[in-house]
Amino acid sequence: MNSLLKKAPPSIIALLLQLAAFALAALTLRLLAFQLPPLLFGLYCGTLAAMFSHFAGLARWWLFIQFAFAPALVLMLALNIPPGFFLAAFLVMLVVYWSTFRSQVPLYLSSDKVWHALETKLPAGQPFTFVDLGSGMGGVLTHLANTHPQGRYLGIETAPLPFLWSWLRIKFGGYRNCAVHWGSLWDSDLSQYDVVFAYLSPVPMDALWNKVRQEMRPGSLFISNTFAVPGHPPQETLTVDDLHQSTLYLWRM
Ligand SMILES: C[S@@+](CC[C@H](N)C(=O)[O-])C[C@H]1O[C@@H](n2cnc3c(N)ncnc32)[C@H](O)[C@@H]1O
């Protein structure tokens, strides 16, 4: 049970802790024969859920979400919003974020300053292949395809809406040297590429490093935006003067 919980995504653990908090709150009030107005009951559940989450070792930002969840639920129910609205919001989130609850890699985009920094790292004056693992809305690909047309660019994206958006962008933007596949980066063969780019999250970096080391050809270049690989210092780093002061980590295989 313990190891099952350790393997579970934080979102599932958070949900289980919410249920446990609700059960404990309801039970204690029943035993004390005490009733609380809905908002106070929500705050009570939220406090318990945040405490449980702290002891379960969830990241600190989860504590706020866990505390606010039940009171927010009470407030939203009081607004009498038609249930179709929540279904629509859920469906939009689903097509944009897809399996983020499991992968822990949400959609956020590299800045255009990162795109410009990437330009300086592409092989000069010769054809090459480039892959963006988790290509989001296709901005990295289409920008580089414009500035360095001698390259061939592939994006791999798992979330339906970003995939569709980038597919349309490439198709109707007339990018002949660019394509995007709907699928998982874990199914890609990295030996096909001269440059592999990733902007993911801290969570998959260990596993991605193993894949990179097993599959990438000697002499090819792996670039990670923002997320380093623990225990494997890059040969080069590039700090980009954008909003987040992004860092590019570069490894030559
Ligand atoms: C932080 S965004 C980066 C977007 C783009 N590469 C950029 O730099 O602007 C990460 C993207 O990876 C996608 N993603 C997460 N896990 C993935 C997987 N296993 N296979 C393919 N894409 C994945 C997410 O849906 C998201 O669009």
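Reply: We begin with contacts: two residues are in contact if their C-beta atoms, placed from the backbone, lie within 7 Å. The model is a predicted one. Take F197: apart from its neighbours within four places in sequence, its contacts are L118, F130, V131, D132, L133, V140 and I223.

Me: Which residues of the largest nonpolar core touch the most other members?

Reply: The general idea is that in soluble globular proteins nonpolar side chains tend to be buried together. Here the largest nonpolar core has 36 residues, and V196 and F197 are the ones that touch the most other members. Another core lies apart from it, with 13 residues, including A25, C45, A50 and A70.

Me: How is V140 to be classed, buried or exposed?

Reply: The class follows from a count, since a residue is buried if 20 or more other C-beta atoms lie within 10 Å of its own. V140 has 24 other C-beta atoms within that distance, so V140 is buried. V140 is part of helix α8. Leaving aside neighbours within four places in sequence, V140 contacts S110, W115, L118, D132, S135 and F197. From V140 to V196 the separation is 56 residues in sequence and 12 Å in space, C-alpha to C-alpha.

Me: Which other residues of α8 are buried, and against which elements do they pack?

Reply: A general point on helices first. An α-helix has 3.6 residues a turn, so residues three or four places apart point the same way. In α8 the buried residues are G139, V140, L141, T142, L144 and A145. They pack against the helices α7 (112–119) and α9 (160–172), and against the strands β1 (128–133), β2, β3 (178–182) and β4 (195–198).

Me: Which residues are closest to the ligand?

Reply: A shell is read by its members, by the elements that supply them and by residue class. The ligand is surrounded by 24 residues, of which V105, S110, G134, G136 and Y199 are the closest. By class, the shell holds 13 nonpolar, nine polar and two charged residues.

Me: What radius of gyration does the protein have, and what would a compact globule have?

Reply: The radius of gyration is read against a rule for globules. A compact globule of 253 residues would have a value near 18 Å, whereas the protein has 23 Å. The C-alpha trace spans about 80 × 40 × 35 Å along its principal axes. Buried residues account for 29% of the 253 residues. There are ten helices and seven strands. Of the contacts between residues at least 6 apart in sequence, 66% join residues at least 24 apart.

Me: Which residues other than glycine have a positive phi, for example near 50°?

Reply: Two cases will do. A33 is not a glycine, yet its phi is positive, about 50°. A33 sits in the loop between α2 (10–31) and α3 (38–56). A33 counts as exposed because it has 6 C-beta neighbours inside 10 Å, and the cut-off for that class is 12 or fewer. The other case is Q245, with phi near 50°. Q245 lies in the loop between β6 (236–239) and β7 (247–252), and with 9 C-beta neighbours inside 10 Å it is also exposed.

Me: Where are P218 and R217 placed, and are they buried or exposed?

Reply: P218 is in the loop between α10 (205–215) and β5 (221–225), and R217 is in the loop between α10 and β5. P218 is exposed because 6 other C-beta atoms lie within 10 Å. R217 has 11 other C-beta atoms within 10 Å, so R217 is exposed.

Me: What does R217 contact, beyond its neighbours within four places in sequence?

Reply: R217 is in contact with S191 and M253. R217 and F64 are 153 residues apart in sequence and 44 Å apart in space, C-alpha to C-alpha. For P218 and D194, 24 residues apart along the chain, the C-alpha atoms are separated by 9.3 Å.

Conventions
Residues numbered from 1 in each chain as written. Predicted model: local features only at pLDDT ≥ 70, side-chain atom pairs only at ≥ 80, totals over all residues. Helix = DSSP H or I, 4+ residues; strand = E, 2+ residues; numbered from the N terminus. Core = buried A, V, L, I, M, F, W, Y, C linked by C-beta atoms within 7 Å. Near = placed C-beta within 6 Å. Nonpolar A, V, L, I, M, F, W, Y, C, P; charged D, E, K, R; others polar. Rg over C-alpha atoms; globule rule 2.2 N^0.38 Å.
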